[in-house]
Amino acid sequence: MTLRGPYLPIGVKLIGIVSIILIASLAGMTLWTTNQYTNDVQRTVKYNTLDRADLISQKVASDLQALINAGRLIATSVDGGLMYRSSNASITNDLIKLEPDMISLWVLSQDSSGLHLVNRIDNKEKILRTQLTMPDPLQVIAQAPESFKQAFAGASVLDNLSPLFNYPVLALAFPYQQKTTTEAADIAVLLFSMDGLIHSLEAKELYVNTLVDATGKLLVSVDQKLVVQSPRLTSNPLVREAVTSSVDQEQLRYTEASGQKAIGSFRKFFGGRLIVLSSAPEDKALAQVNQIRNANFGLTAIVLWVAMMLLFFYSRTLSTPIRRLVDGTVKIQSGVYDIQFRKAPNDEIGRLSLAFTERSRGLAERERIKTAFGKFVNKEIAEKVMRDDVRLGGEMLKAAIFFSDIRSFTAISEKLTPHEVVEFLNRYMTAMVECVNRTQGVVDKYIGDAIMAVWGVPYSRGNDTENAINGALMMRRALKEFNQDRGTDSKPFIRIGMSVNTGEVVAGQIGSPERMEYTVIGDPVNLASRIEALNKPFHTDILISEFAYQEVQGIFRVVPMKKIMVKGKAEPQQVYAVLGRLDDQLCPTDISVLRQDLGLEEVNVESVNTESEEVKYEVLE
């Protein structure tokens, strides 16, 4: 089984998870508190603008009423010729001095021909001090401002005449002499600078206060240049709402033409003819909120960085031993079992490391036993026995049985010392067994110089007979290499005979519970052994049975030999000499070429007595 997806160390996962939790919690808390604080600031700004508009409207209304009273008194003193009784001096100049913002006072009357200037009183000191150029009152009257007409209807009206003076000047028109309760015979027009009102509108904080009339025309503002232009401010959403609204006061959050968001309130007063506006830019109002939010985010980043550093160093105490365990597991998978963890933390991972070490020792011991066992038994059989998967009594399997034998081994061994015999056999067996292993065969047993091997036991590969014959052909080539440096008495040249038969055998443990041997038995084994012995009279090196031939037709080039009779078989058995594979370009074309290559003499197969046995001993009298 393989892992899917990219490999991520535990330390990275731990840092990632905790970072996500910290970011989510701290950022969420920061955003929530910032949002609450923002809402609170917005509410505070709204209430402040409303309070300011209300207070300013009261102050402006009070100032205007005071100006009206002072204007009436001044007009009366002029019309009545009021004099100080002690000095018979006019009190008008002293009254004017009490109103430092006053520029001039006009008394107007109205008849069918229009408006007429009845009287005029100027504050010469104010005019001189401000270097103000006074326009001709008749020209102003000729233009007949709407505010003048409203004053004749009994209303007190404030108007901006700054464009006529090129200086911030307001005109307060109010009834002076009443004709009826709703109509004035004369009106007074008090011209004054807006310094006092500007002072009332000034705000040291972020608030901007403005005074407009009912049409949205600018009357008073701290921006005197704008006041001199006397524009209508109905493009401003707050002014437009104030002009069109039916209520006297209201709070509003709006967006100005420049795109800047603002919070403002308005208050109508003076009979609805004047409107005080108080507003604050939202970005400035929320500047402190933004600073706190940015500070919180900075603090979040610092906390996150510190947490990541702590997690990094702490995760190493987890990931390092775990990585050692992973490396140890990889080594075990590759067959290395001698693993020890000298340093282990005093926690669950430490206990796991100690258990892993003990388990690796057990696996190492088990592998040594299996390796040692595999030297006496095939590795696959050894693994099966180690799993206790081999039962006493065996099972029926179809297998290919192989026998090989060294020709004249008795005569060869007589010329060698026991040590030389063992050395010679070990070298020979090593070369032959390698051929068996490379073709997925199993060495069943060594019988002196003979080798018995099987293919298809304990597991079939599906082409067991072909593998067995391939193994025999490999042994033919390996024997030629083995004989290259031989040919002396101490290293004699050898020949071998080999056979392959295929059939149903019993494979399993044979013996007793105390001493067992894994082998195969059955008639196919006996036939394979009998066929191997026929290589000597047939002058061949590889013979296969009819049963084996049926499994590999079309794969190998074979030559049929004389049929043989085998005990227990009613019918003669056909055997074949194997020349080689059909797909091998070096395969001999006939048996004569093979015998010549093997150094064997020609023989008339029909004259061979297959019933004779090799005489291996002689009874002496």
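Reader: Which residue in β2 is the bridge partner of Ser104?
Author: Asp122 is the bridge partner of Ser104. Keep in mind this is a predicted model, where local features need pLDDT of at least 70, side-chain atom pairs count only at pLDDT 80 or more, and totals for chains, interfaces and linings use all residues. Residues are numbered from 1 along each chain as its sequence is written, and side-chain values use heavy atoms, leaving out hydrogens and water.

Reader: And how many bridges do β1 and β2 have?
Author: Eight, in the antiparallel sense, between β1 (residues 102-111) and β2 (residues 114-122). Strands are DSSP runs of E, at least two residues, helices runs of H or I, at least four, numbered from the N terminus; pairing takes at least two DSSP bridges. The two strands form a hairpin with two residues between them.

Reader: Switching topic: where is Phe270?
Author: In the loop between β9 (261-269) and β10 (274-281). Phe270 has a positive phi of about 60° although it is not a glycine.

Reader: Buried or exposed?
Author: Phe270 is buried, at 15% relative accessible area. Buried means under 20%, exposed over 50%, partly exposed in between (1.4 Å probe, protein chains only).

Reader: What about His539's phi?
Author: Positive too, about 55°, and His539 isn't a glycine. His539 counts as partly exposed, at 22% relative accessibility.

Reader: Which peptide bond is cis?
Author: The one from Val457 to Pro458, with omega near 0°. Pro458 sits in the loop between β13 (450-455) and α16 (464-482).
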